[in-house]
Amino acid sequence: MCGIAGYTGKKLAAQVIIAALKKLEHRGYDSCGVCFVNEKKLQVIKTIGKIHTLEQKIHSLNNKSTTAIGHTRWATHGKVSIENTHPHTDCTNRIAVVHNGIIENFREVKRLLTNHKFCSETDTEVIPHLIESYIEQGKNNKDAFFMAIQQLKGSFAIAAVFSDEDKIYFSQKHSSLIIYRSNNETYLVSDPLGLPDQATTIIQVNDGEWGIISSDEICLFDSNGKEKKPEVFTLNREISNLPDHFFLKEILQQPQVILSSIRNTIFFLDIENRIFNGVEKILLTGCGTSYHAALIGKYYFEKIARIDSHVEYASELAHHPELFQRNTMVIALSQSGETRDTVAAVKKMANKKILAITNVEGSLLSRLTPYKILMGAGPEISVAATKSFIAQLICLYILSFRIAAEKNLLSFSEIDRIIVNIVRTSHLLEKFLQRRESLKNLAESLVDFNNFFILGRGVSYPVALEAALKFKEVAYVHAEGLCAAEMKHGPLALISENTPVFFIAPEDNTFDKNLNNIEEIKSRGGRVIAITSEGINSIEKIAKDIVFVPFAEDLSPIFSIVPFQLLSYFLAVRKNLPVDRPRNLAKTVTVE
Ligand code: M6R
């Protein structure tokens, strides 16, 4: 959720931390702060809102420190306020801490620290005070830090500084921290995106590990305090130039993403070529957009691979132990690979056959599961998911054909034909995106409406859910995604000229039924906007606005969702909304 950045080296820490926090701002952007170690003193600067404001505040200080920790916050415990903004310090202002995650036992810990003065409502603030309590007992910094983190329960990534050392202490439990070291400088971040562009070899801090970094050394310890040799990983980085809005840029990247997802899924299946042996049932899980992709995956698995499939919100899975049967393959979908509900659900599964489909190499989820596909979307910065959804669909689609081939429902060579078809889809999408300006006019005509229905049937029903989510989070309008047939069972009562109704009606076996539903809406005075396949003329007589998209059989969700991504974008820009960072949201939801 929150972003953490630490630096110790020879450069001005202010510049390094601000640059890193800007790259991490999508993780949380309620408030932000930094703590410098400066001539044996700590200097904490905080602000509500954007990193840019923090940058301006720091700029005027002319700070020469070369060791600092920074944080960008997504509020969990306590409102958005300066007091609740990280870094948090102890009573003597000698220890400062930034934290991502939740300290579950913070109330208990706080009760023990009776003689300490707390200034915030956060769980984080107990950490510097707890460390301080051990210093008061005569422990040195290292022992005090270790003793404190051993006492903390929950999920967290922590970075701490002491006024008397140019070092950064860190600890990680069920969260993420990454270290990068180059000539006489060391970086610590909660997400690889926060690293400088030249960082390619990194150290991943594993669950339960903690340590200390200085400009020329990394000391890593396991949860028992035993020193460990850090393992170095190579980071695959494809960070491209910054556009005005990541959201649009990521929508436009989708044709390329389709190709990377094909490559990654095929690569995975080449290695794990027996993964579906003996699998009788698929259980898919995820949250938000990943959950919607899972619903489409169910459709693929059942239609193409004829395999019984079930989808459950990750947050609900814990209450359904009956779903974890033998011979069930669990597929956990998560762009970030850090979503707390999804990670928690996976942890509860005794089932050994778990496949994670995630976008972040080395993410928590990918480290928990025996099988993993990197979906290949590349860094997704905008809080609202776009290209990761498309990548998930491609992975699931190919997997369904693979199962079908293993069940002799089609030949393995037919998968090649399918791949050619997906590549064609990528080209068609590229062309469609070139015509995106036409959707701007449609968005303009919708700008005064605040309520929408988005209807679909079959595979288009989950697309309607995803489309409604995009409208809500990016364009700040209420949109309800529904199965088109359900309208007459109640929601029809809300139809009037003030409630535009989108119909996702590709040319498939639900098309005729959709025509009937469109008539029902029209006869009640509703404005109908149809998203349908190119070449379908019958709809022209009954829908006021039509968006024609390429025909793509089972891959129709790709073409059906893109107009909604673009419409939500154009609406948000028109209304001057923060497209990449909608209010109250965070890119990575690391709380349950
Ligand atoms: O990283 P994940 O895919 O696990 O994230 C799940 C949801 O939090 C995420 O899809 C969220 O709903 C997005 N804001 C949707 O655009």
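Helices α15 and α17 are roughly parallel to each other, because angles under 35 degrees count as roughly parallel and their axes cross at roughly 15 degrees. This is a predicted model. Keep α17 in view, for two other helices will be compared with it below.

Start with the pair just named. Helix α15 covers residues 460-475. Its axis comes within 9 Å of the axis of α17. The crossing is right-handed. Which residues of α15 meet α17? They are V463, E466, A467, K470, F471, V474 and A475. On the α17 side, the partners are P557, S560, I561, F564, L567, S568, Y569, L571 and A572. Sort the residues of this contact by type and you get 12 nonpolar, 2 polar and 2 charged.

Two packed helices are described by the angle between their axes and the distance between the axes.

Helix α14 spans residues 437-446, and helix α17 spans residues 556-574. Their axes come within 9 Å and cross at roughly 60 degrees. That angle makes α14 oblique to α17. The crossing of α14 past α17 is right-handed. From α14, the contact takes in E437, L439, K440, L442, A443, E444 and L446. From α17, it takes in P563, L566, L567, F570, L571 and R574. This contact has 9 nonpolar residues, no polar ones and 4 charged ones.

Now turn to α12, residues 387-406. At what angle do the axes of α12 and α17 cross? The angle is roughly 170 degrees, and the axes come within 10 Å. Angles over 145 degrees count as roughly antiparallel, so α12 is roughly antiparallel to α17. The α12 residues in the contact are F389, I390, L393 and I394. They meet P557, I558 and I561 of α17. Here the count is 7 nonpolar, no polar and no charged residues.

Look back at α17 itself. P557 and I561 take part in the contact with α15. P557 and I561 also take part in the contact with α12. L567 and L571 touch α15, and L567 and L571 belong to the contact with α14 as well.

Next, find the ligand. How many residues surround the ligand? There are 15, and the closest are S290, S334, S336, T339 and E473. Residue E473 falls within the span of α15, residues 460-475. Some polar atoms can be picked out one by one. A polar side-chain atom of S334 sits 2.6 Å from a ligand oxygen. For Q335, a polar backbone atom is 2.7 Å from an oxygen of the ligand. For S336, an N or O atom of the side chain lies 2.7 Å from a ligand oxygen.

Finish with two details of the backbone. The peptide bond from H86 to P87 is cis, with omega near 0 degrees. P87 lies in the loop between β4 (67-73) and β5 (88-89). E39 sits in the loop that joins β2 (31-38) and β3 (41-48).

Note on methods
Residues are numbered from 1 along each chain as its sequence is written. This is a predicted model: local features need pLDDT of at least 70, side-chain atom pairs count only at pLDDT 80 or more; totals for chains, interfaces and linings use all residues. Side-chain values use heavy atoms; hydrogens and water are left out. Axes are lines fitted to C-alpha atoms, for helices over the stretch in contact, and angles run from 0 to 180 degrees between N-to-C directions. Helices (H or I, at least four residues) and strands (E, at least two) are DSSP runs, numbered from the N terminus. Angles under 35 degrees count as roughly parallel, over 145 as roughly antiparallel, 65 to 115 as roughly perpendicular and the rest as oblique. A crossing is left-handed if the near helix is turned anticlockwise from the far one by less than a right angle, and right-handed if clockwise. Contact means heavy atoms within 4.5 Å. Ala, Val, Leu, Ile, Met, Phe, Trp, Tyr, Cys and Pro count as nonpolar, Asp, Glu, Lys and Arg as charged, and the others, Gly among them, as polar. A residue is near a molecule or strand if one of its heavy atoms lies within 4 Å of it. A polar contact is a pair of N or O atoms within 3.5 Å; within protein, one must be able to donate a hydrogen and the other to accept it, and residues adjacent in sequence count only if both atoms are side-chain atoms.
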